[in-house]
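This report concerns the packing and the open space of one protein. Please consult the sequence and the structure shown below.

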Amino acid sequence: MLPERRGVPVGSDLIKAADHNSDHGLRAVRRRRSGRRRLLFWSFSFAALFSICFAIFGFKMFFHGVEDHQNIPSVRDTKDLSIQQDTDTLEKPKKKSRRARFNPCEVELIDTVDSLNEPKSFWNFVNFSLQYVETENTITPRFGGHQTLTEREQSFHATNQTVHCGFIKGSPSTGFDLQNEDKMFMNSCTVAVSSCIFGSSDFLRRPTSKMISEYSKKNVCFVMFVDKETLVKLSKDGSIPDEKGFIGLWRIVVVDNLPYDDMRKTGKVPKFLSHRLFPSARYSIWLDSKMRLHTDPIQIIEYFLWRRKSEFAISNHYTRHCVWDEVQQNKRLNKYNHTAIDQQFLFYQSDGLHKFNHSDPNKPLPSYVPEGSFIVRAHTPMSNLFSCLWFNEVDRFTSRDQLSFGYTFLKFKRMNPDYPFVLHMFKDCERRAITKLFHHRNP
């Protein structure tokens, strides 16, 4: 007996089943086989297409993302990056351009002033009588007055005359008012060293006491002009005048009612008009408040005036020598209103100002642009008149006195061919040797 096979028809049942389902079964089998083949074909095709697309686009997108965002660097990229960084560190960094440094040079000063005497022949300069306008018939008086162009032209002649030179009296006062006790002190000075701080623009720089002789401490007036605002600021800094009004060697003179809103222009009053402020003085030295004096004043007068027989001494500028260059620099740094600078410059050109020529052997000065922070002068008529003329230009035009210096000197010289004005323009490095320069106080 054969074993029974479950689920499989046996004998006659098998024959019947075969007869009945033969056609239908074959078709069903064929359909199932072709369906499997189509499924496999499309599955394979889709897989192949996907593989091709991924191979073409997938890696490109991947590396594109790395290039754009640098989020996933490869090992090779990391090595290349480190190598590049090492190479960069080996390269020397570019040096920043340094500002030019200007050093002092040797100044052959005398060793002592104890036995020094003023040369007897020193005052053999042009002599004439110079008076000053004190009042004007005007409703609106101003410190510098209302000088007409005709009066301005006449004032350049070295002759007996009365000229505008500040300190015009009026009601109300035109400014630069001083206490009587300060006036009395200044009237007694024969040699004056002066400076000023207005608008609390600087610290107080005391002269180096150990470099000042006992003779100069007794016979030279050291005067620092300040306004009330500056006096308060100095007191907060710990610089408080003693009972006689001194801070170190400086006699502190408080100025009331400043004549100009422009503090720079107000500072030109003591800078140019020392002969008006110290009417009995024979010599004066001016230094800006950003400088400290560390040389004896009598040594300075002997070196710059007596030894060279000059009545006015000022240093040239350390880089610029032509007014054209000074105009451009002032406008580039916005030192003053450009329109006002142009008007002043055009006026000077129309009145004969010409460019500085280095190669000219007959040039009257080594530079037409001064470094005006240090001035030494004898109070001669020519020196006093030149100081008044220079001040009047600042009063009429801009407070940038370097723009008006060359013009004023050249016109003064041109209009007085028979009356020499002995101006000594020395090297700026000499100025640096006798003073120490500081930065202005930060606002």
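The model is predicted: local features need pLDDT of at least 70, side-chain atom pairs count only at pLDDT 80 or more, and totals for chains, interfaces and linings use all residues. Residues are numbered from 1 along each chain as its sequence is written, and side-chain values use heavy atoms, without hydrogens or water.

A nonpolar core is a set of buried Ala, Val, Leu, Ile, Met, Phe, Trp, Tyr and Cys residues joined through side-chain atoms within 4.5 Å; buried means under 20% relative accessible area with a 1.4 Å probe, protein chains only.

| Core | Residues in core | Named members |
|---|---|---|
| Largest nonpolar core | 63 residues | Phe176, Phe225, Phe278, Phe386 and Leu423, those with the most contacts inside it |

Arg205 lies in the loop between strand E3 (191–197) and helix H5 (214–219). Arg205 is buried but has no salt bridge (a side-chain nitrogen of Lys or Arg within 4 Å of a carboxyl oxygen of Asp or Glu). Asp202, the nearest side chain of opposite charge, is 4.9 Å away.

The lining of the largest pocket draws its largest share, five residues, from H7. A pocket is an open set of points on a 1 Å grid over the protein atoms alone, where a 1.4 Å probe fits, with protein on both sides within 12 Å along at least five of seven lines; lining residues have an atom within 4 Å of a point. The lining comprises 42 residues, with Lys290, Tyr318, Glu371, Leu437 and His440 nearest the pocket centre.

Technical notes. Helix = DSSP H or I, 4+ residues; strand = E, 2+ residues; numbered from the N terminus. Buried < 20%, exposed > 50% of the residue type's maximum accessible area, 1.4 Å probe, protein only. Lys, Arg positive; Asp, Glu negative; His and termini not counted.
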